[in-house]
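Reader: Hey, I'm new to this one. Can you walk me through a few spots?

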Amino acid sequence: GMNSAWWSRAALAALLVTPMAAQATLPSPIHSGAPAAEEQAHVYPMHPSTGTDWVITADAMNYNGTDGEVAALGNTVARYDTAQFVTPRLLGNHKTEVYYLPDDVAWTDGARQIDLAVRDLEYNAAADTAVFANAKGYYSRLYIEAGRGEFSQGANTGVLQGAMVTTPSAVADTPDYRIEASTITIIPQESLLAEDVNFYIKNKRIFHLPRYRVNMEPGRSSSVASFLPRPSYKAHNGFGFKAKMEYPLGQRTEAFFNYAWYTKIGFKPDIGVRYYAPYGEWKIHYSKEESRLNDESVWIQKRPEFIFTSRPYHFGARPIYARAQLDWGDWKEGAISGSHSGYSLLLATDPLRLSERAKLTLATGYWKDFYGYGDMDRSNFYYGARLDYDAGRTQWWTGTQINRLSGETPYRFDRLDLEQPAFVGFKYKIDRLNALGAEYTWDLVNGDLKHADYTWYRDMHSLAGMLTYRAKDKEWRLDVWAKDF
């Protein structure tokens, strides 16, 4: 049965801080809350490149110059480009550039994010392909095990047969969670596609899908662990769970089904279809979404909503980027309903390193909303900054965003809770697994302290959690998530 300690650990956890306002607009990178914890990435052994030369050492070497046959026998260490193979024997041919490593092989290649134990490796250097059996170890941002495998295009595509995949922090004798599939195709930095998939939490099989796709582009919120139901608690919603599922419809298209369910407010779905174009993402969805206004919960139905969000456009190698978003839909909040459309533009910096410990993020943007209800419209020009300082055990952060609004919204959902918020916070690491922190938020319009939040952060092996007490609102919040993504 399911490990009850696992669930009690999971239920012990907590809240990802929401940005300052729920709008139908591009979120500003200037947000309150502790910086996201660094994901627990595997450290790959790096080897200097040998170029296209094979450098081989062994107890005994046989080489036939006429036909190119080579045999390395006993304690063989072979290096090619950035890869290293440690194995008892290597047999091959320098002319065809095909090599056989028939025994156990320790295969490491930091540049290609490979750290695997395999058997029966056939390596074709000319074609840049490899076929192998009994794989175990790390590849890309994942931990894998596979009966058979094949890498092509220099490990830019990995196809695994009879495979298991989990994330680095979930690795254990029995991983906290994993997926098992007849075939898993991994394209690092892009996607994972699994066929005939079973989902497990510890030893318990949760469900089966014919296909499952995970977008693994950097900065994406989905992961191998997205399917995990995450415990959540907010005083106004009650206890509940939330999870994400993606189902591939084509190479760049997927259906998604995200849900939240809470004891006090029931089922809140977000269902739709996404298309990933090279220049951005198109999405049509039906959803029930929550925002907070004056510490009260506001729910809206989007039935449906159509959104285009561009990819971040970087200006050459400069740490500055632009994004745009367009949306159209039908909104309903209580008795108020009608069409909503809008656009938003964002110009922001990547975090700028001021020193070894400090980084600064700057952003400015403009958005405009058009409402069918009452024929109203509203616009906002904003600018803001956030400073993060990492003092080792203690992290500090502070920031502000100034919104210059004109016009009105008929909905409570997208009203700004604070027009000119300023915040300061810290997080102190007590030990390896626990941290405590506080954050204070003021309204610069009148100088009032709006929020005083006290948080316990807890590391639970593959999961992380936060338990927050919002002192001004006398309210508890809890959230748990899978750590690696």
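Reader: So where does D369 sit?
Author: D369 lies in strand β23, residues 358-371 (strands are DSSP runs of E, at least two residues, numbered from the N terminus). This is a predicted model, where local features need pLDDT of at least 70, side-chain atom pairs count only at pLDDT 80 or more, and totals for chains, interfaces and linings use all residues. Residues are numbered from 1 along each chain as its sequence is written, and side-chain values use heavy atoms, with hydrogens and water left out.

Reader: Is D369 buried or exposed?
Author: D369 counts as buried because its relative accessibility is 1% (buried is under 20% relative accessible area, exposed over 50%, partly exposed in between, with a 1.4 Å probe and protein chains only).

Reader: And which side chain does the D369 side chain make a polar contact with?
Author: That of H340, at 2.7 Å (a polar contact is a pair of N or O atoms within 3.5 Å; within protein, one must be able to donate a hydrogen and the other to accept it, and residues adjacent in sequence count only if both atoms are side-chain atoms).

Reader: Switching topic: where's Y279?
Author: Y279 is in the loop between β16 and β17. Y279 is partly exposed, because its relative accessible area is 47%.

Reader: OK, and which strand has Y262?
Author: Y262 is in β15, residues 253-262, and counts as buried, since its relative accessibility is 3%.

Reader: How far is Y262 from K234?
Author: They're 28 residues apart in sequence and 9.0 Å apart in space, going C-alpha to C-alpha.

Methods. Helices (H or I, at least four residues) and strands (E, at least two) are DSSP runs, numbered from the N terminus.
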